[in-house]
Amino acid sequence: MSRPPRVVHKRRETITALPLYYSGHLLKKHSKDTDFKKYYGELRGCSLFLYKDDTQDTYTEKLDLDQLKSMESDSPYQKKEPTVFTLSLSTEKVQLKMDSADTGEVWRGFILTVVKKELPSKLQLMPGQVLQLKEVLAQEIKRKSPSSRPPLPPRPGFLSGPPSKDKLSSEIAECFFDVTRKEAEKMLEENPECGSIILRPSTMPNNYALTLRQVSSSGPVMKNYRVTQTNAGFVIELETPVTVSSLKDVLKYFIEKTEYRLCPFIPSQPYDTLIEASPAPKCLNTTSRPPKPLPKAQVSPMLRSQTKEKILPNKPDEGEYVIPDDPSDSSLNLAQLDDELRRALKQRRENIYVSTDEKVSPYETKLNGKTTM
C-alpha cells in the first residue's frame, strides 16, 4: 500500500534535513552508462536527490551541486522536444533529460539559482516561475549565511569536544561487523549466547543496517532495520522515523525499546586452562659450578726499627706488598718464635748498657771527685 504524498515528503525532509525547492520526473545517465534511467528528482538545498519513484522514502542517489562547474544544453531550445543537460561536476559528468524544453528550462533555472546564488539571465519562464526563483534564492541565501547570534564564549577545557570518527568507530566496534544480511542472521542464529544485535553496512553507500534476533511466542525471529546517515544525524527507518546523534544512540534506542531484552553481539573469546613451564634459554647453564677460590689479602708493609732490621734483614722494598705467613705452616712452630723473641730482648738490653757507659752524667762526676773532659 502506497503512503500519502504528504507522509512521503515529510519522511524525506526528516532524512535529508534540507528544504524542498523543486521536484519532478526526469531521466539520468552517467558518462559511463549507455542508457538513461528514470528517476523522481527533488532539489533540496544545493543537492539533487534521486528516487526510484515518487513513493520511495530513501533516496537512491545524491548529486552534490556545490561541485557544479557548468550546466550546458546539448540541443537548442525547442518547445515540444525533450531537453538534455550535461552537468560537469568536479569528479564526473552527468546528463539529465527532461520530457520537454519548458520542464528543462524550469530545472535549469532552479539549479543555477541555488548554485550561483543569483537569478540566471535569459530565462524563458513565466512571471510566476520567476517569483518562485526569487523566493528560493532568498531562502537559500538565508540558509547559507552565518548566524546573526553573538559568538558563544570559549568552551571550557574540561569539556570534551564532539566525538571524532575514530572515537565513534571505537564505540560501535564491539557489535559492528562487515557482513551481509544473511551472514549476520547466521551469526545470531548459531551463537545466541553472544548477543542479539549486529550493526552492519547497508547496501546503500554511507548507510547502515541493524539485524537483530528477537524471541517471540512462536520462536526466534530475525528482523532487519535500515539506518540512514544524514547531516542531522542517523535516522532509524521506522513507521515514524527516529533521528539520533550517533550510532551508539541507535543501539541504545533499540535496547531501551525492547526493555533491555536485547544486547549487542559480542563474540566469546577462548581462554587457556593449562600452565606450562617455559624451557630454559640455551645460553644459560642450569648445572651447579664449584665456587671460585677467594684471593689472598694483600697487606701494606710495616715500618720497623733498626733493631728489627738487624734481626729481620729481609726487608721488602718500599711500595711492595708482603703476604703474611700462613699460621698453619708447620715449619714455624711456637718454640722458634720464643727463641727469636728471647734473642731480640737480650740484644736490646746490651745496646742500652753500652749507650749508658759511654755517657756519664754530671752528678756521677762530682761524686767520684773526677773531672772528665
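**View 1. Antiparallel pairing of strands β1 and β2.** Strand β1 (residues 20-30) and strand β2 (residues 37-44) run antiparallel and are joined by eight bridges. In this predicted model, local features need pLDDT of at least 70 and side-chain atom pairs count only at pLDDT 80 or more, whereas totals for chains, interfaces and linings use all residues. Residues are numbered from 1 along each chain as its sequence is written, and side-chain values use heavy atoms, with hydrogens and water left out. Strands (E, at least two residues) and helices (H or I, at least four) are DSSP runs numbered from the N terminus; two strands pair if DSSP finds at least two bridges between them. Tyr 22 has Leu 43 in β2 as its bridge partner.

**View 2. Pairing of β1 with β7.** Strand β7 (residues 93-98) is antiparallel to β1, with four bridges between them. Gln 95 in β7 lies opposite Lys 29.

**View 3. The buried side of helix α6.** Within α6 (residues 247-257), the buried residues include Leu 247, Val 250, Leu 251, Phe 254 and Ile 255 (buried: under 20% relative accessible area, 1.4 Å probe, protein chains only). Because they cover an arc of only 130 degrees around the axis, they are on the same side of α6; the arc is that of the directions from the helix axis to the C-beta atoms.

View 4. The chain has a mean pLDDT (the predictor's confidence in each residue, from 0 to 100) of 77, and 71% of its residues reach 70 or more. Residues 307-311 have pLDDT below 50, with four contacts beyond near neighbours in sequence (contact: heavy atoms within 4.5 Å). Where pLDDT is low, the predicted coordinates should not be read in detail.

Note on methods:
Buried < 20%, exposed > 50% of the residue type's maximum accessible area, 1.4 Å probe, protein only.
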